[in-house]
Amino acid sequence: MGRCGAQRSGALALDLDSVASWGSIGRMAGNDFESVVFGKLPAVRAAFEALVGTRPLVCRMTGSGSTLFAIYRNARDRDDAAAMLGRKHGAVLPAATLATPPMGPSALP
């Protein structure tokens, strides 16, 4: 046990199957601040629940609660979720990742 009763944590070994898909990553994902923030700020909890209702692969609160994010199977699911949410709970900013990394410095804008 470390200070304040917290356990020390070291390296964590994961098998490849545990990070093979967003669904498996989502089952491991968590944010210790969520329960505290949701308890004190019902609007953040409502926004999170609305986002979960759009059926993403992963849905979490970032950091200490300024932003929520979700990961979807494809752009259509993402765009449908954005349309369902509207602006009732705040700004929705759809984003996409690259399917493959750019090739070297010449690929940068």
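Predicted model: local features only at pLDDT ≥ 70, side-chain atom pairs only at ≥ 80, totals over all residues.
Leaving aside neighbours within four places in sequence, Thr54 is in contact with Tyr72, Ala81, Met84 and Leu85. Thr54 sits in the loop between H3 and strand E1, which spans 58-62. Its relative accessibility is 11%, so Thr54 counts as buried. The side chain of Thr54 also reaches back along the chain. It comes to 2.5 Å from the backbone oxygen of Leu51.

Follow that link to Leu51. This residue lies in helix H3. Leu51 has a relative accessible area of 11%, under the 20% cut-off, and is therefore buried. What does Leu51 touch, not counting residues up to four places away in sequence? The list is Pro56, Cys59, Leu68, Phe69, Ala70, Tyr72 and Leu85. Two of these names, Tyr72 and Leu85, are also contacts of Thr54. Leu51 and Ala70 are 19 residues apart along the chain, and their C-alpha atoms are separated by 7.3 Å.

Arg55 is found between H3 and E1. Is Arg55 buried or exposed? With a relative accessible area of 70%, Arg55 is exposed. Thr54, in the loop between H3 and E1 as well, is buried at 11%. The backbone of Arg55 stands out too. Its phi is near 60°, a positive value in a residue other than glycine.

Now step back to the whole chain. The secondary structure comes to four helices and two strands. From the N terminus on, the elements run α-α-α-β-β-α. The chain has 109 residues, and buried residues make up 20% of them. Consider the contacts with a separation of 6 or more. Residues 24 or more positions apart account for 32% of these. The chain exposes about 8,700 Å², and carbon and sulfur atoms supply 58% of that area.

Some of the exposed area is a nonpolar patch. Leu14, Leu16, Val19 and Met28 form this patch on the surface. Together they have about 400 Å² of accessible area. Met28 lies in helix H1, residues 22-28. Its relative accessible area is 44%, so Met28 is partly exposed.

Helix H2 comes next, at residues 33-40. Which of its residues are buried? They are Glu34, Val37 and Phe38. These three cover an arc of only 100° around the axis, which means that they lie on the same side of H2. On the other side of H2, Ser35, Gly39 and Lys40 are exposed. The buried residues of H2 pack against H3 and E1.

Charged pairs come last. Side chains of opposite charge can pair when their charged atoms come close. For salt bridges the cut-off is 4 Å between nitrogen and oxygen. The count by this rule comes to four. Three of them are described here, including one in H3.

In H3, residues 42-52, Glu49 and Arg45 are four residues apart, and so about one helical turn separates them. Their side chains meet in a salt bridge at 3.0 Å, N to O. Glu49 is partly exposed because its relative accessibility is 45%. Arg45 is partly exposed as well, with a relative accessible area of 39%.

Asp80 and Arg76 are four residues apart in H4, and so they are separated by about one helical turn. Here the closest N and O atoms are 3.9 Å apart. That value is within 4 Å, and the pair therefore counts as a salt bridge. Asp80 is partly exposed at 39% relative accessibility. Arg76 counts as exposed at 64%.

Another salt bridge joins Asp79 and Arg78. What is the distance between the closest N and O atoms of this pair? They are 2.9 Å apart. Asp79 counts as partly exposed, with 36% relative accessibility.

Key. Residues numbered from 1 in each chain as written. Heavy atoms only, no water. Buried < 20%, exposed > 50% of the residue type's maximum accessible area, 1.4 Å probe, protein only. Contact = heavy atoms within 4.5 Å. Areas by Shrake-Rupley, 256 points an atom, 1.4 Å probe, with all protein chains shown as cover. Polar contact = N/O pair within 3.5 Å; in protein donor to acceptor, adjacent residues only side chain to side chain. Patch = residues over 30% accessible without salt bridge, like charges linked within 9 Å, V, L, I, M, F, W, Y side chains within 5 Å. Arc of directions from axis to C-beta.
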